[in-house]
Amino acid sequence: MTEAPLFHRHGGNPILTASDWPYPINSVFNAGAVTLADGTTLLLCRVEDRRGLSHLCAARSVNGVDDWRVDATPTLLGDPENHPEELWGIEDPRITFVPELAKYAVVYTAYTRDGPGVALAFTEDFRSFERFGVIMSPEDKDAALLPRRIDGDWALIHRPVSAPRAHMWVSFSPDLRNWGNHRMMLEARKGAWWDANKIGLSPPPIETGRGWLVIYHGVKHTAAGAIYRLGLALFDLEHPDQCLRRGDEWVFGPSEPYEMHGDVGNVVFPCGYTIGSDGDTVRLYYGAADTSLALATGSISRMLEWLDRHGTI
Ligand code: BMA
């Protein structure tokens, strides 16, 4: 008997495309997501312009599905004059609300002359931003801040490249500027696996009573190109480098035309989610084929139950 899928695609996918933008763009994908205090869903979208460089643009919707109000101009642009590391744009934001600071941390990829690095900015309203600059030097990406300190220190999940493989790491900081105590969190497998050689955090971890529930992506390189799919793993709440369970099979992968065809086909790439008022329903916003934004719905309790049955320690 085949098991019911963990994620259900929205019937109206893709929910945002370049034609929804108030100014000319090439594509919109890989958005960070939050529920604002008034219940509005805000997506901080990666927008690629017609030069090929990306910036971030906010889209707001009351129901998180349609009627998006998109900022009339870019919300956050690379600022190469003051931050030379943002020379070729900024990409893939992951947003974490940090109660201690009463601010949102936006962790994004800065496209530097030497490849991607991890940059941090804070905002209260997604209109003005306080930039911290690059906090992890290239080559590094797929990063998110945990919402609270762990044993007194801030914790950042990120994905440095140690060619030929790239694993997920977690690093710690007393002040959000100086990072150390680097620990490997999850290793890319080897060989033919769907998550061999290159993995990375997808949206920020989901804090549950049983641990940090992590949706991560694996990249399988084939003769026809790469396939980006998603898997699940669970980590100890107070020791986020300790993996409690990891699923062997992917749980979501490209299968619909808008996921298989586009600027980069065969890619599903979520950078954000919102959680429903039931505390269980996850709305996963994902980039499809580096071209549009799509939505799939899942359940935290079902993901945990799936890991209980399918995960290995
Ligand atoms: C990854 C990131 C994503 C992108 C994906 C597929 O390395 O750069 O932004 O969606 O590749 O191209």
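Select arginine 9 first: its bridge partner in β22 is alanine 296. Strands here, like helices, are DSSP runs numbered from the N terminus (strands E, at least two residues; helices H or I, at least four). The model is predicted, so local features need pLDDT of at least 70 and side-chain atom pairs count only at pLDDT 80 or more, while totals for chains, interfaces and linings use all residues. Residues are numbered from 1 along each chain as its sequence is written, and side-chain values use heavy atoms, with hydrogens and water left out.

Two strands count as paired if DSSP finds at least two bridges between them.

**Confidence**

Colour by pLDDT, the predictor's confidence in each residue, from 0 to 100. The protein chain has a mean of 97, and 99% of its residues reach 70 or more.

Next select strand β17 (residues 211-222), which is joined to β18 by 11 bridges in an antiparallel arrangement. The hairpin between β17 and β18 passes through two residues. Isoleucine 215 is opposite leucine 232 in β18. Strand β18 (residues 225-235) is mostly covered, with nine of its 11 residues buried; buried means under 20% relative accessible area, exposed over 50%, and partly exposed in between (1.4 Å probe, protein chains only). β18 also runs antiparallel to strand β19 (residues 243-247), with three bridges. There, leucine 234 stands opposite arginine 245.

**Arginine 60**

Move to arginine 60, in strand β4 (residues 54-61). Is arginine 60 buried or exposed? Arginine 60 has a relative accessible area of 7%, so it counts as buried. Its side chain makes a polar contact of 3.1 Å with that of aspartate 71. A polar contact is a pair of N or O atoms within 3.5 Å; within protein, one must be able to donate a hydrogen and the other to accept it, and residues adjacent in sequence count only if both atoms are side-chain atoms.

**Proline 138 and β10**

Proline 138 is in the loop between β9 (129-136) and β10 (140-145). Proline 138 is partly exposed, at a relative accessible area of 36%. Beyond neighbours within four places in sequence, proline 138 is in contact (heavy atoms within 4.5 Å) with Thr112, Asp114, Gly115, Pro116 and Gly117. Follow the chain into β10, where five of the six residues are buried. Four bridges join β10 to strand β11 (residues 154-162), and the two run antiparallel. Aspartate 140 has proline 160 in β11 as its bridge partner.

**Rings and charges**

Finish with the side chains. The charged end of arginine 177 sits over the ring of phenylalanine 132, 3.9 Å from its centre. Arginine 229 lies over the face of tryptophan 250, at 3.7 Å from the ring centre. The criterion is NZ of Lys or CZ of Arg within 6 Å of the ring centre and within 35 degrees of the ring normal.
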